Amino acid sequence: MQLFIEETYEDMSRRAADLIAAQLVVDPTSTLGLATGSTPIGLYADLVEDFQNDRISFEQATTFNLDEYRGLSPEHDQSYRYFMQKNLFDHVDIDPEATSVPDGANPDAEAACESYEQAISEAGGIDLQLLGLGHNGHIGFNEPCDEFPVRTHLVQLTESTINANSRLFDSVDDVPREAYTMGIGTIMKARAILVVASGQDKAQIVRDAFFGPVTPQVPASILQLHPNVTVVVDAEAGSLL
């Protein structure tokens with residue numbers, strides 16, 4: 001595991017964006033796993049700037065997002081498809097047909113998850129997977145539980161995750177209670193993984209996830225066993241290391 005502690009959120013974002021940009025330069029046909037949430041917004045802005053300055057291209061790239069709320073249409077302003085369009089896809093040269101987000105509007109959980117898993121497999125797997133880090137250690141929407149879920153699946157969101165995401169909705173009652181997410185096994189198959197975390201409120205979970213025991217009660221701790229992980233945090237998130 002490589003660990004970078006950058007001074008500010010902006011520095012953290014730039015470092016992470018540089019790693020993704022380097023992947024695209026080395027292999028323009030890369031398959032990228034992407035994440036949502038507040039932490040990656042800065043690095044997506046940096047990637048858009050890189051594209052606008054002709055430093056990178058997404059023209060031949062393929063992307064798969066980690067997760068999506070169940071019950072939200074792609075047009076809903078809190079869906080993760082909408083987030084990705086707003087923060088990245090609408091501003092770069094990526095082929096819309098090459099961008100995939102789990103189909104939250106599909107009520108058939110088994111079909112939605114199996115088709116997503118199959119699409120990732122048919123694409124040859126993920127070259128670089130970007131991950132945020134939840135306050136309880138979740139990656140994607142893989143919440144603390146008694147075992148590591150393997151494949152893309154339907155998950156019941158915990159109250160802590162619902163409350164954390166409620167700031168983005170009109171009220172906590174509007175936050176979906178379920179989501180489709182890549183499983184831990186799917187994430188761990190990525191050839192390289194990049195984790196970003198920022199803020200003092202992430203300091204404890206950063207320490208627990210990467211320097212504590214490997215346990216499904218802290219889902220991100222499994223990343224300690226991956227052969228190619230880079231963790232980029234700002235000074236606040238790294239303050240307990």
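**Figure 1. Helix α7 and Phe 211 in the predicted model.** Helix α7 spans residues 203-211 and includes Phe 211. The structure shown is a predicted model. Phe 211 has a relative accessible area of 54% and is classed as exposed, because the cut-off for that class is over 50%.

**Figure 2. The nonpolar surface patch that includes Phe 211.**

**Figure 3. The largest pocket and its lining.** The largest pocket holds about 830 Å³ of space. Two or more lining residues come from each of β4 (67-69), α3 (80-87) and α5 (159-165). Of these, α3 makes the greatest contribution, with five residues. The lining comprises 38 residues in total. Those nearest the centre of the pocket are Thr 36, Gly 37, Ser 38, Asn 165 and Arg 167.

Figure 4. In an unreviewed entry, UniProt lists Asp 67, Asn 136, His 138 and Glu 143 under "active site". From this set, Asp 67, Asn 136 and His 138 belong to the lining of the largest pocket. Asp 67 is located in strand β4. With a relative accessible area of 5%, Asp 67 is buried, since that class requires under 20%.

Figure 5. The unreviewed UniProt entry assigns residues 8-225 to the domain "Glucosamine/galactosamine-6-phosphate isomerase". Within this span, 33% is helix and 14% is strand.

Terms used:
Residues numbered from 1 in each chain as written. Predicted model: local features only at pLDDT ≥ 70, side-chain atom pairs only at ≥ 80, totals over all residues. Heavy atoms only, no water. UniProt positions renumbered as here; feature names shortened; annotations may be inferred. Helix = DSSP H or I, 4+ residues; strand = E, 2+ residues; numbered from the N terminus. Patch = residues over 30% accessible without salt bridge, like charges linked within 9 Å, V, L, I, M, F, W, Y side chains within 5 Å. Areas by Shrake-Rupley, 256 points an atom, 1.4 Å probe, with all protein chains shown as cover. Salt bridge = Lys/Arg side-chain N within 4 Å of Asp/Glu carboxyl O. Buried < 20%, exposed > 50% of the residue type's maximum accessible area, 1.4 Å probe, protein only. 1 Å grid on protein atoms, 1.4 Å probe; cavity = no way out; pocket = protein on both sides within 12 Å on 5 of 7 lines; lining within 4 Å. Points joined across faces, edges and corners; volume = space filled by probe spheres on them.
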